[in-house]
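Hello,

Here is the structure I promised to pass on.

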Amino acid sequence: MAAEAHDLVKIYGRGDTAVRALDGASVTIPTGTFTAVMGPSGSGKSTLMHALAGLDTVDSGRVVLGDTDLTALDERRRTLLRRERLGFVFQSFNLIPSLTAAENIALPLTLAGRPVDQDWYEELVATLGLAGRLHHRPAELSGGQQQRVAVARALIARPEIVFADEPTGNLDSRSGEALLEFLRHAARDLGQTIVMVTHDPRAAAYADRVVFLADGRVTAELDDPTADAVLAQMARLDAPARIGG
Ligand SMILES: Nc1ncnc2c1ncn2[C@@H]1O[C@H](COP(=O)(O)OP(=O)(O)OP(=O)(O)O)[C@@H](O)[C@H]1O
């Protein structure tokens, strides 16, 4: 397993206004799989992803990455672990404006003081179609190009897991599909483990597996998803909330 979460509880706030964002969430992420995380708004998707990625702590439960118990690490060690072992792609790209595309891609290795694996760099640049844009800064790139730079940056250090939070949220459908095809290729052909939070059943259909959250818990899983099967499952999750509402 690349990652495991056992019985996670995360409570925001106190007393009457306390919210159980995670309420006994358990999930396993097998190595080399592309997993999509779905669920209604407020079901705990971002909170679960942040817990798995060591971006945030939980109130109880355990997160294990590879053979490291993340929940036993202090903030400094979690930061190091994120930098050395994980990759991230966010909806808002999060590129450094003053750096070129090439410098942005290499950034995780620059920060870690490690050399760039030139063959891997060139493979990423070629597969993501970035060869002609490497000396441009983010402001000179389209949204799709910026997101492809962000994906190359997430993969350059060959992290144990890439976490993607709505990575196609700011892209037109064509750029979004190209990106999802690349993520699927990275998992299937290169063995990259990927966890993606999405609201879009068509995006989730690119994954090997969909994990559904409701009220802070994993309530269903779907292997080899189609967009229709994902929609049907989402409708089931939404149904109780509509009764009387
Ligand atoms: N920093 C915070 N302080 C207080 N409550 C929070 C905080 N972050 C999240 N929550 C609450 O925790 C619950 C789960 O939030 P989370 O963002 O994980 O859901 P989500 O499934 O990712 O939602 P969305 O699909 O709308 O992004 C929600 O009720 C949310 O309001």
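Helices here are DSSP runs of H or I with at least four residues, strands are runs of E with at least two, and both are numbered from the N terminus. This is a predicted model, in which local features need pLDDT of at least 70 and side-chain atom pairs count only at pLDDT 80 or more, while totals for chains, interfaces and linings use all residues. Residues are numbered from 1 along each chain as its sequence is written.

In α3 itself (residues 101-112), Ala 101, Asn 104, Ile 105, Ala 106 and Pro 108 are buried (20 or more other C-beta atoms within 10 Å of the residue's own, with C-beta atoms placed from the backbone). Those buried residues pack against α5 (143-155).

The other part I liked is strand β9 (residues 209-214): 5 of its 6 residues are buried, so β9 is largely enclosed by the rest of the structure. Strand β3 (residues 34-38) runs parallel to β9, joined by 4 bridges (strands pair if DSSP finds at least two bridges between them). Thr 35 has Arg 209 of β9 as its bridge partner. With strand β10 (residues 217-223), β9 pairs in the antiparallel sense over 6 bridges, and Val 210 is partnered by Leu 222 in β10. β9 and β10 make a hairpin with 2 residues between them, and Asp 215 in the turn has a positive phi of about 50°.

Overall, the protein has 8 helices and 10 strands, and 41% of its 245 residues count as buried.

Best wishes

Technical notes: Buried ≥ 20, exposed ≤ 12 C-beta atoms within 10 Å, placed from the backbone. Contact = placed C-beta atoms within 7 Å.
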